[in-house]
Amino acid sequence: MMVFWWIVGIAIGLFIVAEVAFNLYALKVVTPIFERSPVLQSNSAPPNCRAEVFDIPSTSGVMLSACLFQRPETESRGVIVFCPEFGGNKWSCMKYCEGLWEAGYDILAFDFRNSGDSSWQDNYRPMHWVSEYELQDVEAVIAYVRSREDLRERPIGLFGISRGGSAALAVGARSPQVELIATDSAFAAEPMMNYFAQRWISLYLPALVLKLLPNWHLDLTMRLVRNASQHRHGCRFAKIVYALRRAPDHKRVLMISGQADSYVSPEVARAIANAAGPLLEELWIVPKCKHNSARNLVPDQYDARLVRFFSAMSPLREEKSLSLHSSAS
């Protein structure tokens, strides 16, 4: 009997040693891959004299540089808060929002902390993965709109590109001020990590090990990598899927993604769409389209979908006036 327990103890000890060794190897190999920023198309643009420029206070003493393309109160259908992609700036907003502006919406864009003209937070190293700091920045902009006398009565919609779209999803899912969230090429860490892990892990592990490795173990390893990267970069990554699954039923989401996007594949976009569940108004996967390129490829369809989606945010004032006139008659 004593021999049996010795054997059990040795087996458990060997398993623990193997598990620790495997995870250390995984952290060494996978963490640099997780943190390596992909080559993504991002859009920056020069300042536009049509816009008002100002700063918005965010958390940790950060000041966000923002710009506002504003319509007269009698013409505005609402405020679209634009969240730029990683490597982009606030002035890129009209590359994506020109159709919304022409349809009567105010466009408020901003630079995330540690980018563009916004101030710098020394203990934070931003990445292509969206963190809670970017979510705090979006929330600060929403709070600014609600505090400003000439904007506070206007409804708010969120529209984000790539990492900015990820931030828009997470904040929109939990913000009582926002009902409509549109994204272009948005992604989330959970489905992205799983998608690439399944396809690239065979380059680093023997086939026999892969056969013995259960899915839950792979998920655990990815979580360890994520936690290690959070510690290295001084932040907590946003949990997009978690936020969407717990969002109120009245939220509505429009997702745009590229069929030829080599980074945010259609499978990743569909995984996020599945997490949105009944909140999803539409997932438009644009044929032959790469990352962030849908408006360049099909500008008329792009603008029409955005305008149609955000039209639910606030009826045209002409329609309101017509309705009141009809009632009075």
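Select Phe82, Tyr96 and Phe159: together they form one aromatic cluster. Rings of Phe, Tyr and Trp (its six-membered ring) pair here if their centres lie within 6.5 Å. Planes under 30 degrees apart count as stacked, over 60 as edge-to-face, and the rest as tilted.

This is a predicted model, in which local features need pLDDT of at least 70, side-chain atom pairs count only at pLDDT 80 or more, and totals for chains, interfaces and linings use all residues. Residues are numbered from 1 along each chain as its sequence is written, and side-chain values use heavy atoms, with hydrogens and water left out.

**Stop 1: the aromatic pairs**

The ring rule gives 10 aromatic pairs. Start with Phe69 and Trp101. Their ring centres are 6.2 Å apart and their planes stand at 65°, so this pair is edge-to-face. Now colour by secondary structure. Helices (H or I, at least four residues) and strands (E, at least two) are DSSP runs, numbered from the N terminus. Phe69 belongs to strand S2 (residues 63-69) and Trp101 to helix H2 (residues 93-102), so the contact ties together parts that are 32 residues apart in sequence.

Switch to accessibility. Buried means under 20% relative accessible area, exposed means over 50%, and partly exposed lies in between (1.4 Å probe, protein chains only). Phe69 counts as buried, at 1% relative accessibility. Trp101 is buried too, with a relative accessible area of 13%.

Next, go back to Phe82 and Tyr96. Is this pair stacked or edge-to-face? It is stacked, at 5.9 Å centre to centre and with 25° between the planes. Phe82 sits in strand S3 (residues 79-83) and Tyr96 in H2, so they link distant parts of the chain, 14 residues apart. Both Phe82 and Tyr96 are buried.

**Stop 2: charges over rings**

A charge sits over a ring if NZ of Lys or CZ of Arg is within 6 Å of the ring centre and within 35 degrees of the ring normal. Arg71 lies over the face of Trp101, 4.1 Å from the ring centre. For another case, jump to Arg246. It lies over the face of Tyr242, at 3.7 Å from the ring centre.

**Stop 3: strand S3**

Select residues 79-83. Five of the five residues of S3 are buried, so this strand is largely enclosed by the rest of the structure. Look along it. Val79, Val81 and Cys83 point one way, Ile80 and Phe82 the other, and all are buried.

Two strands pair if DSSP finds at least two bridges between them. S3 and strand S5 (residues 156-161) pair in the parallel sense over five bridges. In that pairing, Val81 stands opposite Leu158. S3 and S4 also pair in the parallel sense, over four bridges. Here Val81 stands opposite Leu108, and Phe82 stands opposite Ala109.

Follow the backbone. The chain crosses from S3 through H2 to S4, and this β-α-β crossover is right-handed. That term applies if, with the strands pointing away from the viewer, the path from the first strand over the helix to the second runs clockwise.

**Stop 4: strand S4**

Select residues 106-110. S4 is mostly covered, with five of its five residues buried. What lies on each side of S4? Asp106, Leu108 and Phe110 are on one side, Ile107 and Ala109 on the other, and all are buried. Show S2 again. S2 and S4 pair in the antiparallel sense over four bridges. Ala66 stands opposite Phe110 in S4.

**Stop 5: helix H2**

Select residues 93-102. H2 is mostly covered, and seven of its 10 residues are buried. They are Cys93, Met94, Tyr96, Cys97, Gly99, Leu100 and Trp101. Past the helix, click Gly104. This glycine follows H2 and has a positive phi, near 110°.

**Stop 6: the cysteines**

How many disulfides are there? The count is zero, where a disulfide is a pair of cysteine sulfur atoms within 2.5 Å. Select Cys83. It is in no disulfide, and the nearest cysteine sulfur, that of Cys97, is 9.7 Å away. Cys83 counts as buried, at 0% relative accessibility. Move to Cys97. Its closest cysteine sulfur is in Cys93, 5.7 Å away and too far for a bond. Cys97 also counts as buried, at 0% relative accessibility.
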